[in-house]
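Subject: Handover of a structure

Dear colleague,

Please find below the structure that I am passing on to you. The notes after it set out what was found.

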Amino acid sequence: MVPDISRGSRTYGLLAYLYGPGKRDEHTDPHQVASFDGFAPDPGRNPHATLTDLTRVLDLRVNQLGHRAPKEHVWHCSVRTAPGDRHLTDAEWGQIARRIVHATGIAEDGDPDGCRWVAVRHADDHIHIVATTVRGDLRQPRNSYDFTRSQAECRRIEKELGLRQLNPGDGTAAPNPTSAERFKAERTGRDRTPREILRETVRQAVAGAADETEFFTRLTQAGLRVNKRIAPSGDTLGYTVALPGDRNRDGQPIWFPGSKLAPDLSLPKIRKRLAAGPIDHNEEPDATSAPGPHRPPAQRSKPAQTRRRAALAAERATTALEEDDDEDAAAQLLGAGELLDALAATSAPHTRTHLREAARAFERATRSHIRAEHADNRAARAAARSILRAGGALGRGEDGATTAMVLSTLVLLAVAAARWHSARGHAQQAAASAQAAHHLRAAYRQAAAAPLATLIDHGRALPEPERGKHQATIRAALPDHLLPPGTDPNHEALTATLAQAERAGHHPETLLRQAIAMRELDTAEDIDGVLVWRLRRLAHLPAHPSGAPRRFQPSTSRSATPTLSTGIRPAPTTTGRAEPPDRHNRPPRR
């Protein structure tokens with residue numbers, strides 16, 4: 001059940017809308033379900049009552065107060081049930097209206113001087129409460145924090161009436177679009193309102209920005225109209241943005257301040273985020289620069305490199321959520337939000353929809369009352385910056401596989417964020433994290449399909465003794481409750497990755513146990529897939545194996561060492577050098 005409170009100055013105009021046909025003839029059978037005294041004129045039921053009569057009754061105290069009356073004396077609260085809830089009766093809606101005006105201080109039970117109000121129903125799923133904010137004693141009501149109080153009352157009503165129980169807010173959510181904004185978006189053919197489009201565009205402009213100048217440059221490059229508020233000293237005090245072509249009835253652009261898009265998009269909040277600045281990845285050790293027996297090929301594409309770095313940053317953020325430093329965890333969530341925004345802006349077409357939905361959902365999870373004043377999230381912001389600089393990624397090859405690699409880590413990050421918020425009573429943020437995890441899983445499945453299929457083919461092409469050896473290693477390293485069923489095809493992908501890691505000079509069992517110990521696996525939907533990407537990152541293997549596997553042909557010579565056509569060299573001997581294959585027993589050329 002969702003209350004929505006607004007204020008205005010025209011009692012008659014609001015009543016005319018509520019009792020009228022609506023903007024799209026959506027209003028049916030408008031009538032009152034309750035009023036301040038039970039006898040207010042009802043133009044919907046009484047043919048002799050008019051809107052003027054009802055307006056005169058509601059405005060009585062306002063007119064008595066004269067010029068001392070508040071300019072915005074109309075208090076309007078719509079209360080809507082959630083989709084899927086049963087249809088309530090008029091009597092139930094009337095009782096809900098009385099509870100709302102009591103809880104908000106508009107007209108408390110037993111107060112003869114409460115404000116005058118009526119509740120109008122013109123649809124199955126909601127009512128509108130209209131009140132004038134002058135009491136019988138000609139004072140104004142004590143209705144501070146009315147939105148918070150109405151939210152709390154709605155949570156109690158949901159429980160008592162068996163309705164869907166929504167998550168309580170904490171005042172850190174972004175403002176919802178108004179009904180007028182939604183109707184205008186539908187009328188102009190937009191799938192989202194200008195407020196929502198601007199919020200997403202400003203968020204993406206902040207992601208990984210080095211300074212304020214770059215932030216404003218990105219806004220302009222994104223096609224927004226930007227208006228800075230400049231002090232006499234020349235300093236920028238704030239900013240507003242508008243969509244080109246979005247104008248009011250007077251033909252003027254409709255400007256939105258950053259703080260009206262989201263609490264953390266005001267200029268002072270953005271400056272705090274930009275204060276540290278993103279670090280330079282040339283100074284940051286990661287999978288592309290760490291020492292090891294194998295380094296990625298120099299020709300790896302720039303988008304692929306940045307996604308490998310992003311996987312490392314996401315891993316660090318997930319670790320922070322499992323520790324006791326709430327301030328650091330809040331900072332990492334903010335950085336993870338920028339990382340998701342960057343990925344959504346540069347994703348391939350087949351993952352773009354789910355990534356954008358994940359970024360929009362996770363945006364709510366980045367804000368709570370836990371502040372990150374002194375924590376460091378530069379690694380995540382630098383990863384976001386490098387992703388945006390590298391540009392769009394292809395949906396295939398190394399780009400597609402490294403996208404799957406980072407998405408596999410981000411799924412676990414979103415799950416960890418849901419647990420972290422839930423443990424601290426942040427219901428809306430926990431729900432948003434879970435929703436983001438759902439979209440990230442969908443994007444991951446699309447990104448991982450091709451590289452995992454190739455790895456599965458490589459695994460099935462392994463000689464049986466080697467294949468059996470690595471599968472025994474997997475069974476020995478994984479706890480019984482985490483062992484996948486024998487029919488899971490991704491088990492072959494994990495087997496192939498262990499084989500490739502061994503040929504790159506790593507000890508398979510040691511590497512596998514290191515990958516398992518990195519993070520818990522109980523919440524992983526695809527344990528084999530998660531381990532595949534961890535192993536490939538730890539062993540510095542290409543995310544996407546090149547070339548088609550060649551089936552192993554058994555040799556008749558005992559001294560021969562088989563060589564696969566995957567471009568992987570044979571395992572090193574005890575001397576540390578790889579034995580060359582027997583030239584008389586090479587697989588036939590194609």
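Ser35 stands opposite Val118 in β4. Helices (H or I, at least four residues) and strands (E, at least two) are DSSP runs, numbered from the N terminus. The model is a predicted one, in which local features need pLDDT of at least 70 and side-chain atom pairs count only at pLDDT 80 or more, while totals for chains, interfaces and linings use all residues. Residues are numbered from 1 along each chain as its sequence is written, and side-chain values use heavy atoms, with hydrogens and water left out.

β2 and β4 run antiparallel and are joined by 4 bridges; two strands are said to pair if DSSP finds at least two bridges between them. Both belong to an open sheet of 5 strands, ordered β1-β3-β5-β4-β2, with antiparallel pairing. At the edges stand β1 (2-8) and β2 (31-35), each with a single partner strand, so one side of each has no neighbour in the sheet. On average, neighbouring strands of this sheet are turned by 20° against each other, direction ignored. Axes here are lines fitted to C-alpha atoms, for helices over the stretch in contact, and angles run from 0 to 180 degrees between N-to-C directions.

β1 is joined to strand β3 (residues 74-80) by 7 bridges, and these two strands run antiparallel. Pro3 has Val79 in β3 as its bridge partner. Helix α4 (residues 90-103) packs on the sheet, where it touches β2, β3, β4 (116-121) and β5 (126-132), and its direction makes about 45° with that of β2. Contact means heavy atoms within 4.5 Å. Helix α5 (residues 146-161) also packs on the sheet, touching β1 and β3, at about 155° to the direction of β1.

Is β2 enclosed or left open by the rest of the structure? β2 is largely enclosed, because 5 of its 5 residues are buried. Buried means under 20% relative accessible area, exposed over 50%, and partly exposed in between (1.4 Å probe, protein chains only).

**The three-strand sheet**

Another open sheet has 3 strands in the order β6-β7-β8, again with antiparallel pairing. Its edges are β6 (225-230) and β8 (256-257), each with a single partner strand, so one side of each is without a neighbour in the sheet. Between β6 and strand β7 (residues 236-242) there are 6 bridges in the antiparallel sense. Val226 stands opposite Val241 in β7, and Lys228 has Tyr239 in β7 as its bridge partner. β6 and β7 form a hairpin with 5 residues between them, and Gly234 in the turn has a positive phi of about 100°. Helix α7 (residues 194-206) lies across β7 and β8, running at about 130° to β7.

**The nonpolar cores**

A nonpolar core is a set of buried Ala, Val, Leu, Ile, Met, Phe, Trp, Tyr and Cys residues joined through side-chain atoms within 4.5 Å. The largest has 72 residues, of which Leu410, Leu440, Leu531 and Trp533 touch the most other members. Helix α15 (residues 397-423) supplies the largest share of this core, 14 residues. Another core, of 24 residues, lies apart from it and includes Trp75, Trp93, Ala97 and Trp117. Leu440 is in contact with Leu340, Leu355, Ala358, Leu407, Leu410, Val411 and Ala414, leaving aside its neighbours within four places in sequence.

**Helix α12 and two further residues**

Helix α12 (residues 326-346) has 21 residues and reaches 31 Å from its first C-alpha to its last, close to the 30 Å expected at 1.5 Å a residue. That expected span is 1.5 Å times one less than the number of residues. α12 is mostly covered, with 17 of its 21 residues buried.

Ala375 lies in the loop between α13 (349-365) and α14 (378-390), and counts as partly exposed at 24% relative accessibility. Not counting residues up to four places away in sequence, Ala375 touches Glu327, Asp328 and Ala331. The C-alpha atoms of Ala375 and Asp325 are separated by 9.4 Å, although the two residues are 50 apart along the chain.

Asn490 is found in helix α18 (residues 490-503) and counts as buried, at 12% relative accessibility. Neighbours within four places in sequence aside, Asn490 is in contact with Leu452, Ile456, Asp526 and Asp528.

With kind regards
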